[in-house]
Amino acid sequence: MTTQQLEAQIRLKKSFLCIGLDVDLNKIPQHLLATEDPIFEFNKAIIDATHDLCVSYKPNTAFYEAYGIKGWQSLEKTINYINENYPEIFTIADAKRGDIGNTSSMYAKAFFEDLSFDSVTVAPYMGKDSVEPFLAFENKHTIMLALTSNEGAFDFQTLETNGQELYKTVLETSKNWKNSENLMYVVGATKAEYFTEIRKIVPNSFLLVPGVGAQGGSLSEVCKYGMSENVGLLINSSRGIIYASNGTDFAEKAREEALKLQVEMEGILSKK
Ligand SMILES: O=C(O)c1cc(=O)[nH]c(=O)n1[C@@H]1O[C@H](COP(=O)(O)O)[C@@H](O)[C@H]1O
């Protein structure tokens, strides 16, 4: 999917919501555990109930890898289900990969070719040659960690190196990499006060913003400082939506939570 197609979906759906599919078997409704593939059944119900309210789904691969081969099969069924039934949805494999060049190429093949995701999250710590293999894929997107939502973001990302904070150097430097137009960046919703500075460096790039909902970030604050001319934001909520209920009404309740965010987004877009 191209960024223009993603922007068109945002305008059409009046939403820039990304729903995180972080499925924990201890948290899903008990009745699903009797099915052959509880993770997929859970995802399918959530997707069918929410696809018109969001533009993106983000399964975090940890929640699938934790269940071994069965978990990976659930991930494959989930991405295939989205691509076959809702091809307009932008899909994110939240895998936070990155390694020496030939290894990164294999990670990129895994998520872009074998699993057909539109994008993958990548850690920038190993630098240019660890990220460029992902960028080589046409119409695929590499979402690089810039300033993350967690407390540990202050351990390294905000440290000054050569007179500026490291996350700024990451943003600036990555703009010079080959096929950098395929880059997007992760910026945590819990760090809304940083968005003005970030937008000075990457005025038009898409930012994936996790941290609203369970982590307490504010949608309106993020939009105030982080929205670009073309919106340029994908706001993720995982637990706050998918675990709204653990009864048989879980999909309905997830829809209600997604709708609250979509309505707020529609209001923000109408004032733009
Ligand atoms: O890359 C991410 O998506 C990510 C980056 C970050 O800085 N913080 C962060 O929470 N995430 C992911 O975003 C999701 C947030 O989930 P909730 O806190 O349940 O909404 C999880 O899958 C996290 O792994």
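In which sense do strand 4 (residues 119–122) and strand 5 pair, and over how many bridges? Select both strands to see that they pair in the parallel sense over four bridges, where pairing requires that DSSP finds at least two bridges between two strands. The model is predicted, with local features needing pLDDT of at least 70 and side-chain atom pairs counting only at pLDDT 80 or more, while totals for chains, interfaces and linings use all residues. Residues are numbered from 1 along each chain as its sequence is written, and side-chain values use heavy atoms, with hydrogens and water left out.

Stay with this strand pair and pick out Val120, whose bridge partner in strand 5 is Thr142. Then follow the chain from strand 4 through helix 6 (residues 128–135) to strand 5, a β-α-β crossover that is right-handed, meaning that, with the strands pointing away from the viewer, the path from the first strand over the helix to the second runs clockwise. Helices (H or I, at least four residues) and strands (E, at least two) are DSSP runs numbered from the N terminus.

Buried here stands for under 20% relative accessible area, with a 1.4 Å probe and protein chains only.

Now turn to the aromatic rings, of which a search of the whole structure finds eight pairs. Rings of Phe, Tyr and Trp (its six-membered ring) pair if their centres lie within 6.5 Å, and planes under 30 degrees apart count as stacked, over 60 as edge-to-face and the rest as tilted. Select Phe112 and Phe137, a tilted pair at 5.2 Å centre to centre with 55 degrees between the planes. Phe112 lies in helix 5 (residues 101–114) and Phe137 in the loop between helix 6 and strand 5, so the pair ties together parts that are 25 residues apart in sequence. Both Phe112 and Phe137 are buried. Elsewhere, select Phe40, Tyr81 and Tyr86, which ring pairs link into a cluster.

Finally, zoom out to the whole protein, which has 12 helices and 10 strands and whose C-alpha trace spans about 55 × 45 × 35 Å along its principal axes. Of its 272 residues, 54% count as buried.

Methods. Buried < 20%, exposed > 50% of the residue type's maximum accessible area, 1.4 Å probe, protein only.
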